[in-house]
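User: I would like to learn how to read the features of a model like this one. Please take me through them one by one.

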Amino acid sequence: DRDDDDMQSDINKIVKWCETWSMELSPEKCKVMHLGKQTNPEDYFIAGKKLGVTECERDLGVLVSSDGTWHEQVNTAASKANRVLGLMKNTFSSWSDKIARIIYPTFVRPHLEFASSVWNPHLEYDSKTLESVQRRATLTKESHHLPYEKRLERLGLTDLKTRRERGDFIQIYKIVHGLEKVNWSEENKILRPDQNITGRRHPFQLSRERTSGNEPRTHFLLNRMATPWNNLPKDIALAHSVNSFKSKLDLYLKKVGRNTHIYS
């Protein structure tokens, strides 16, 4: 297969570059991850030594699995956040509303949201795993007897799924306005700043990919956000700054809620 040959050729080039600069790769520390459905995955070698196969690896702080799911990342994020939450609760004699409002968003919630635009879980039980941490954090001395939604309202919080959706909007805004550069493999097919806005709400339209039978790709950032982003009013999508976009977006989402024409 040509792709397999190209991959081995690239590995050989890396090995040669290391040798040129008096460095040495350790085959024992190099792994191969096969993505997608493969009946006979190819083997790869460094200096004649076969590379081991891995099912999950950390890349820039995010755990990437070979099956395209985010169970490992979700469980790891929830576990780390729970540990920090436990430490914080043990630090104070009383876990009150006042303390939770400051401590939870500052020290606990960031672990549940780090790089969430990359790994935003679409499976319900993954979402529940993350939400369970916030449920525990909102069980304060004054609010523990209230339903979860009331506790959130009292503490000035929103559920994590809503926050992830808001984070996706902000990430898309930064991408389409060139504030963050992403080298898409198929940029012209995925992201289309179309200046002809006839029948469209704004010029920066996203187009979904055809991803039949590929569930992880179906829920990729641009695909899951195509409809809600395209339906944003023009004055929001064309906001002059990130802070302006956030303010207008918050007002808009509060007004429309999760109407089907926005999120479906």
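**Reading the model**

Analyst: Start with Met23, which counts as partly exposed because its relative accessibility is 41%. Buried means under 20% relative accessible area, exposed over 50%, and partly exposed in between (1.4 Å probe, protein chains only). Met23 sits in the loop between helix H1 (2–20) and strand S1 (31–32). Helices (H or I, at least four residues) and strands (E, at least two) are DSSP runs, numbered from the N terminus.

User: What kind of model is this, and how are residues and side chains treated?

Analyst: The model is predicted: local features need pLDDT of at least 70, side-chain atom pairs count only at pLDDT 80 or more, and totals for chains, interfaces and linings use all residues. Residues are numbered from 1 along each chain as its sequence is written, and side-chain values use heavy atoms, with hydrogens and water left out.

User: Which residues make the nonpolar surface patch with Met23?

Analyst: First, the rule. Patches are made of residues with over 30% relative accessible area and no salt bridge; like charges are joined within 9 Å, nonpolar side chains (Val, Leu, Ile, Met, Phe, Trp, Tyr) within 5 Å. Areas come from the Shrake-Rupley method with a 1.4 Å probe; for residues, only the protein chains shown count as cover. Here Trp17, Trp21 and Met23 make a patch of about 390 Å². Trp21 is exposed, at 56% relative accessibility.

User: How do I read an aromatic pair?

Analyst: A pair of aromatic rings is described by the distance of the centres and the angle of the planes. Rings of Phe, Tyr and Trp (its six-membered ring) pair if their centres lie within 6.5 Å; planes under 30 degrees apart count as stacked, over 60 as edge-to-face and the rest as tilted. The whole structure has 3 aromatic pairs. For Trp17 and Trp21, the centres are 6.4 Å apart and the planes at 45°, so this pair is tilted. Trp229 and Phe245 are also tilted, with 6.0 Å centre to centre and 45° between the planes. That pair links distant parts of the chain: Trp229 is in helix H10 (residues 221–230) and Phe245 in helix H12 (residues 242–256), 16 residues apart.

User: Are Trp229 and Phe245 buried or exposed?

Analyst: Both Trp229 and Phe245 are buried. Ring pairs also join them with Tyr173 in a cluster.

User: How many salt bridges does the search find?

Analyst: Side chains of opposite charge can pair when their charged atoms come close. The criterion is a side-chain nitrogen of Lys or Arg within 4 Å of a carboxyl oxygen of Asp or Glu. The search finds 7. One of them joins Glu28 and Lys49, with the closest N and O atoms 3.9 Å apart. Glu28 is in the loop between H1 and S1, and Lys49 in strand S3 (residues 49–50), 21 residues apart. Glu28 is exposed at 54%; Lys49 is partly exposed at 44%. Another salt bridge joins Arg163 and Glu113 at 2.5 Å, N to O. Arg163 lies in helix H7 and Glu113 in helix H3 (residues 97–113), so the pair ties together parts 50 residues apart in sequence.

User: What span does H7 reach?

Analyst: The expected span is 1.5 Å times one less than the number of residues. H7 (residues 160–176) has 17 residues and reaches 24 Å from its first C-alpha to its last, close to the expected 24 Å. Buried residues in H7 include Phe169, Ile172 and Tyr173. After H7 comes Gly178, with a positive phi near 75°.
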